[in-house]
Amino acid sequence: MKLLTPRQIRKTTTAALAVLGSLGLLHASGEAGTRSYSQIQNTVTTVNIQEPGKGVNNRSIVLPFSKSTVIELPENVMDVIVSNPDIVESVLHTSRRTMLIGKNPGQTNVYFYSHDGRELLNVDIRVERDIGGLQALVAKNAPNSNVDVQVFNSNILLTGAVPNAAAADTVEKLARMWLGEGQGEIVNLLAIEGKDQVMLKVRIVEMQRSVTKQMGFDLSAIGDLGGSTVSLINSVGPTLSTGFRASGTFNNTGGGDLSTLGGALSALESVGLVRTLAEPTLTAISGETADFLAGGEIPVFSGSSVDQTGRLLRSFEFRPFGVALGFTPVVLSEGLISLSISTEVSEPTTENAFIAENGESVLGMRVRKANTVVEMPAGGSLVIAGLIREEARSTIDGVPGVKDVPGLGALFRGRDSQTTQTEVVIMVTPYLVEPTHPDKLQTPLDGFQAANDADSLLLGRLNKVYNPNGQGKISASALSGPFGHVVD
């Protein structure tokens, strides 16, 4: 016997119905009759759009990166659909057991359907890195901290509280080491419970001493040589605006070839002393940087160009100079501070200046700087010394040949020497500070009273004597030393 296919069965059934209808065996009313709206509505196919995460049996899980989880279902599974196979891979072990493997960080959905097309399970999966190892590192290396570590799309969020900035820095370094280079971002929202404001008191002292010595002889002679008058002039001495100058002239009235002989002596010794003192006081939060500059900025020629009209345009840039200080404190523990200090003392100079083709001169900068990182207790002091610079220059001018004659050669040469010695000393003292009330603070202006016309005219005073605390009056007999507002 030959079996019929479903298509052949449908064709045979249609033909049989047509034959029965023609024989009148099938009775159909010629009237359409009445049909209700509900009957018409039931003939329309229903459309159902399911929102993500709103299924009948919906679950949400967090799957560690490169790890797996097993899902057991009470019925046989026909289809497993993964919306993004690059994030999660599904492996069917049996008809009811499925293994899901996290391949890459991200989010996706997994749907499980039965043989009759029913949805058995809808799983929202977020694949993240396993932070168990990082939490163990934080607990071991920052034991007194309360840190909460969260991972979002390969990014690490650090929240909670730590006792000081050093602990916060340690936790962030551990997170960066665990995450790896270029694998994501680290958002540090840790709160620091301890004191983390550092005030740095600095004294920068520069002493510069210069000694200049100049001395030389100038000789002149007028004589007769074969009936002709000859003048000899030896001008090798320095030209001085100050110093010692002595001159003398001999006129020969007794006859002879030499008629006039003159000489001049120039001598100068100059000693200079320059002292630079700066005492900045800076305050910064632990881990932040504070800068200080006592000096100014000079315009430096940086280039020139010609516009469309042929006009020459010059450009300048401002370069700072003076006494500069920058420091970054990190509070390691109560009373112990790590300091990154950068100091610089600079000044403009014409030494080694650059001369452009158009004659523009670009000044040079003489710079002395120091950079260091140290650990100090609060209230301790550190001295950075040894920044010594010594420069000596000597020049001898004279008549060739004659100036080298022992003894007599001193009359035919001049000497110019200059020696410069500079030393910079930097003293730093960090303190842990807290804000205070403004009533506890004083300024040099508190209690100042300007002198009236009588005191200014008769006594030559610029101000009146006032209480050092700025309140009330105090009698002169109660003070044992100088008092009042001092003006140098």
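Contact here means heavy atoms within 4.5 Å. That term comes up in the first view below. The model is a predicted one, where local features need pLDDT of at least 70, side-chain atom pairs count only at pLDDT 80 or more, and totals for chains, interfaces and linings use all residues. Residues are numbered from 1 along each chain as its sequence is written, and side-chain values use heavy atoms, with hydrogens and water left out.

View 1. Look for Ser145 in the loop between α3 (132–141) and β8 (146–152); helices (H or I, at least four residues) and strands (E, at least two) are DSSP runs, numbered from the N terminus. Is Ser145 buried or exposed? Ser145 is buried, at 18% relative accessible area (buried is under 20%, exposed over 50%, partly exposed in between, with a 1.4 Å probe and protein chains only). Setting aside neighbours within four places in sequence, Ser145 is in contact with Ala161, Val162, Pro163 and Ala167.

**View 2. The largest nonpolar core.** A nonpolar core is a set of buried Ala, Val, Leu, Ile, Met, Phe, Trp, Tyr and Cys residues joined through side-chain atoms within 4.5 Å. The largest one has 23 residues, and Leu200, Val202, Ile204, Phe327, Leu339 and Ile426 have the most contacts inside it. Two or more residues come from each of β11 (197–225), β15 (281–285), β17 (312–333), β18 (336–355), β19 (361–377) and β21 (413–432). Another core lies apart from this one, with 18 residues, including Val147, Leu174, Leu179 and Ile186.

View 3. A salt bridge is a side-chain nitrogen of Lys or Arg within 4 Å of a carboxyl oxygen of Asp or Glu, and the whole structure has nine of them. In the one between Asp116 and Arg118, the closest N and O atoms are 2.8 Å apart. Asp116 is exposed at 56%, while Arg118 is partly exposed at 37%.

**View 4. A pair along helix α4.** Asp169 forms a salt bridge with Lys173, with 3.2 Å between the closest N and O atoms. Both sit in α4 (residues 165–179), four residues apart, or about one turn of the helix. Asp169 is partly exposed at 35%, and Lys173 is exposed at 54%.

**View 5. A pair across two strands.** Lys369 and Glu344 form a salt bridge, their closest N and O atoms being 3.6 Å apart. Lys369 lies in β19 and Glu344 in β18, so the pair ties together parts that are 25 residues apart in sequence. Glu344 is partly exposed, at 24%.
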